[in-house]
Amino acid sequence: MLHSQKKFTLKSCELQPGAGARTGHTVEDLKQSFLDHLFCGLGRIMLLCTPLDAYTALAYTIRDRVLKQGVRTLETYDEQDPRGVAYLSAEFLPGPHLPNKLLNLGLTETARKAMEELGMDLEHLMEQEEEPGLGNGGLGRLASCYMDSLAAVEVPAIGYGIRYEFGIFDQVIKDGWQVEVTDKWLRFGNAWEIPRPEIAYDVYFNGHTEVVTGPSGGQTVRWAPGTVVKGVAYDTPILGYRVGACNILRLWKAEAVESFDFAAFNHGNYYLAVEDKMFSENITKVLYPNDEVAQGKTLRLQQQFFFVTCSLQDMIRVQQIKNRPLEKFHEKWAVQLNDTHPAIAVAELMRLFVDEHGMAWDTAWNVTRKTFAYTNHTLLPEALEKWPVGLFGRLLPRHLEIIYEINARFLDEVRAKFPGDDARLARMSLIDEAGERYVRMAHLATVGSHHVNGVAELHSRLLVETVMHDFAELWPEKFCNVTNGVTPRTFMAVSNPPLAKLLTDRIGECWLHDLHRLRELEPLATDAKFQKQWREVKLGAKRRLADIIAQRTGISVDPESLFDVQVKRLHEYKRQHLNVLHILTLYLRLKRDPNANIPPRTFLFGAKAAPGYFMAKLIIKLINSVADVVNNDPAIGGRLKVVFFPDYNVKNAQHIFPAADLSEQISTAGKEASGTGNMKLAMNGALTIGTLDGANVEIREEVGAENFFLFGLTAEEVQQAKAAGYRPKYYYDRDTSLREVLDYIASGALAGGDANLFRPIVDNLLNQDPYLVLADFRDYVDCQERVSALWRDPKAWTAKSILNVARMGKFSSDRSIRDYCAKVWKVEPVPVPE
């Protein structure tokens with residue numbers, strides 16, 4: 001490291017008068033900076049400038065201003081040495097960076113004018129940005145919302161994850177089927193990231209352990225790895241909204257320690273010359289490899305350990321640079337485990353402390369447990385991560401030894417509290433001994449953390465009543481709730497500028513700092529003039545989306561129709577197929593009676609199915625087959641339209657959320673941990689039809705029961721139905737509409753006469769129906785009748801839409817972060833000068 005006797009700070013290095021274009025905020029400053037980057041950074045002239053060139057020059061222009069705040073932030077943290085948050089997540093879905101950073105700097109309109117004066121359109125340039133596909137869905141989007149809010153409320157933080165070369169697949173629909181296409185999000189580079197090749201750490205795999213006797217006679221364990229790769233840091237600045245704080249998202253890329261074996265090359269073995277490079281880089285090549293096969297399982301575990309050890313080594317490096325003793329590591333770092341993917345961190349921090357830094361076991365364990373907190377995101381037993389002991393031991397031999405030791409000590413603690421309860425010991429053990437032996441990662445995270453939180457009040461209650469019941473009895477004080485939230489900057493201000501302008505014109509910009517201020521809209525819910533403005537904003541969003549739908553799918557939809565939206569990951573428990581059953585109910589009713597009083601509706605789906613999830617992919621095919629039949633039936637007269645919007649991601653969501661009238665949140669009660677799409681849609685004025693599941697419960701409490709369309713069994717009733725021996729055919733036999741719809745699907749009418757195509761769906765519903773679709777069908781259809789009745793009264797609908805937005809203050813991710821700071825992390829904000 002280069003040291004200088006003179007301390008240079010941002011202030012001492014400020015540009016001289018006349019050179020303000022580098023970080024200035026005027027139109028002329030932005031124009032000059034843009035041209036400097038275009039000419040001197042990219043070597044382009046305006047005549048040959050492509051849209052991608054122009055986007056890149058603008059991104060660098062804005063990045064300069066962001067990084068100025070990043071330097072100020074680092075200087076402030078260096079001076080004050082605060083306790084900070086390290087957020088470990090295998091997924092991040094930030095969405096496009098440019099519009100968010102323009103908003104947070106307050107430069108959107110300035111940049112628009114600067115680009116106009118240079119003959120360019122800002123919206124067109126922003127469309128050039130490739131979305132980083134670094135996540136699968138809600139988990140990654142939540143992590144990015146939290147990074148945004150950590151900066152917005154000025155909490156010192158760093159996010160740690162993986163720089164996947166290929167992200168979540170791009171989805172193409174061919175003949176109604178999902179086809180996965182490689183997401184090459186880095187093919188044109190990434191203007192927002194800064195490579196840090198000097199920040200790199202060795203990562204060990206395989207090999208064996210051995211006991212080593214030191215000079216003083218003491219014994220330590222040494223891991224002799226079979227493979228070593230290198231993790232290299234790539235930093236992305238995360239700027240807070242209209243504040244000085246700018247935190248870091250640090251993603252790790254895997255590289256070979258030696259990328260080229262010159263000796264092998266000289267001997268003519270050209271493959272061997274680059275073999276290490278190929279093996280190493282595979283670790284961060286793709287998001288979530290198919291783990292149906294052994295190689296996929298191995299690679300996924302490699303990914304998890306890879307980013308965890310790089311992150312922990314990085315934190316230890318900072319601890320040592322600041323001359324802090326490692327025994328006080330927990331006093332400066334609050335490390336949050338986002339689900340079980342980073343749970344191996346518990347064993348790895350113990351290894352680093354004990355094996356690499358000579359810390360006594362008891363001291364290391366005390367520090368470790370005070371460092372970590374764990375967020376549980378699922379009640380589904382199959383989603384609680386487990387690794388076969390054989391695979392785990394081959395890949396991470398030292399960690400398996402450490403986990404065995406943690407487990408032995410932990411089970412002694414359980415025996416002391418619950419003597420003679422062997423069944424409890426088996427349930428709580430970190431090792432599942434029933435059949436093939438597995439390492440239970442959720443148990444490891446729970447044992448090694450000082451807090452465990454659920455992500456909605458219902459989820460947190462069910463967590464301690466079901467999957468974590470034994471642990472909650474042992475450590476009741478360890479469990480708490482932090483309801484998820486989403487950032488209103490991304491999902492209101494950036495996604496829906498006309499709505500944001502309407503809100504700001506009425507109550508000022510305060511709501512973007514404090515979403516509870518939207519309550520000031522309540523008196524306007526029945527104001528005729530405001531209602532008219534509200535409906536104009538919504539209709540404008542629907543017209544824009546209708547144009548996009550026509551471009552992407554060729555389907556023409558009526559913006560005046562009710563836009564009924566279900567956009568989320570495709571999973572049976574989310575019950576997209578229940579929605580389909582309702583669509584077919586309406587369709588068959590109209591076929592029988594073309595004069596039926598059914599308001600025009602556009603049903604919009606957006607979802608990706610995991611590549612190996614057969615039933616989910618078949619449901620996508622079903623949706624598209626229904627669309628083909630309904631959209632092309634002249635007898636319907638266009639009163640129903642069904643659209644499957646391909647490649648649902650953050651950018652596409654930002655077109656959909658503002659246009660939604662009805663938000664479908666219809667998962668089986670007790671299965672959805674929280675959900676965040678429900679929040680984003682409600683923030684944009686959609687009314688919710690939903691079960692008492694996840695955060696729906698709290699949304700209904702906040703907006704008012706009268707402004708929420710409730711249906712379905714409760715979580716307790718679901719459990720009772722299953723315990724009593726649930727028989728789905730009972731509902732089929734007694735409900736003529738349900739029977740008509742299922743028989744229609746089974747007939748092959750949606751598949752060109754092929755009665756076998758959708759038979760797996762029909763058979764599953766009639767014989768198993770694990771998510772109680774048939775049990776909730778009648779209540780759902782009846783509830784949809786109430787939706788239609790309200791839609792016929794535009795004034796009443798608009799009033800409820802306004803109240804939904806006005807009462808969404810609780811669901812800002814800023815509130816979530818403040819809850820984490822108070823309940824879990826014990827971290828205070830650190831203001832940074834602008």
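1. At 23% relative accessibility, Glu522 counts as partly exposed, the class between buried (under 20% relative accessible area) and exposed (over 50%), computed with a 1.4 Å probe and protein chains only. The side chain of Glu522 meets that of Arg807 in a salt bridge at 3.2 Å, N to O, a salt bridge being a side-chain nitrogen of Lys or Arg within 4 Å of a carboxyl oxygen of Asp or Glu. This pair links distant parts of the chain, since Glu522 lies in the loop between α20 (497-507) and α21 (528-553) while Arg807 lies in the loop between α32 (794-806) and α33 (813-825), 285 residues apart. Arg807, at 15% relative accessibility, counts as buried. Helices (H or I, at least four residues) and strands (E, at least two) are DSSP runs numbered from the N terminus.

2. The model is a predicted one, in which local features need pLDDT of at least 70 and side-chain atom pairs count only at pLDDT 80 or more, whereas totals for chains, interfaces and linings use all residues. Residues are numbered from 1 along each chain as its sequence is written, and side-chain values use heavy atoms, with hydrogens and water left out.

3. By the salt-bridge rule, the count comes to 59. One of these joins Glu117 to Lys31, with the closest N and O atoms 2.8 Å apart; Glu117 lies in helix α4 (residues 108-117) and Lys31 in helix α1, so the pair ties together parts that are 86 residues apart in sequence. Glu117 is partly exposed at 41% relative accessibility, and Lys31 is buried at 14%. Lys532 and Glu536 also form a salt bridge, at 2.6 Å from N to O, and because they are four residues apart in helix α21, about one helical turn separates them. Glu536 is partly exposed, with a relative accessible area of 45%. A network of salt bridges links Arg196, Asp235, Arg250, Asp314 and Arg317.

4. The structure holds 22 aromatic pairs, where rings of Phe, Tyr and Trp (its six-membered ring) pair if their centres lie within 6.5 Å, and planes under 30 degrees apart count as stacked, over 60 as edge-to-face and the rest as tilted. Tyr160 and Trp252 are stacked, at 6.2 Å centre to centre and 10 degrees between the planes; Tyr160 lies in strand β2 (residues 157-162) and Trp252 in strand β9 (residues 246-256), so this pair ties together parts that are 92 residues apart in sequence. Both Tyr160 and Trp252 are buried. Tyr573 and Tyr771 form a tilted pair, at 6.5 Å centre to centre and 55 degrees between the planes. Since Tyr573 lies in the loop between β17 (562-567) and α22 (576-592) and Tyr771 in the loop between α30 (759-767) and α31 (773-791), this pair ties together parts that are 198 residues apart in sequence. Both Tyr573 and Tyr771 are buried, and Tyr87, Tyr146, Tyr820 and Trp825 form one aromatic cluster.

5. The charged end of Lys386 sits over the ring of Tyr438, 4.8 Å from its centre, by the rule that NZ of Lys or CZ of Arg is within 6 Å of the ring centre and within 35 degrees of the ring normal. Lys542 lies over the face of Phe563, at 4.8 Å from the ring centre.

6. An open sheet of six strands, paired in parallel, has the order β19-β18-β17-β20-β21-β22, strands being taken as paired if DSSP finds at least two bridges between them. β19 (640-644) and β22 (709-710) stand at the edges, each with a single partner strand, so one side of each is left without a neighbour in the sheet. β22 pairs with strand β21 (residues 687-690) in the parallel sense over two bridges, and the bridge partner of Gly690 in β22 is Leu710. Elsewhere, strands β3 (residues 170-174) and β4 (residues 177-181) pair in the antiparallel sense over five bridges, with Asp170 opposite Val181 in β4. The hairpin of β3 and β4 has two residues between the strands, and Asp175 takes a positive phi near 55 degrees there.

7. Eleven of the twelve residues of helix α11 (residues 345-356) are buried, so this helix is largely enclosed by the rest of the structure. The buried residues include Glu348, Arg351 and Asp355. Just after α11, Gly358 takes a positive phi of about 65 degrees.
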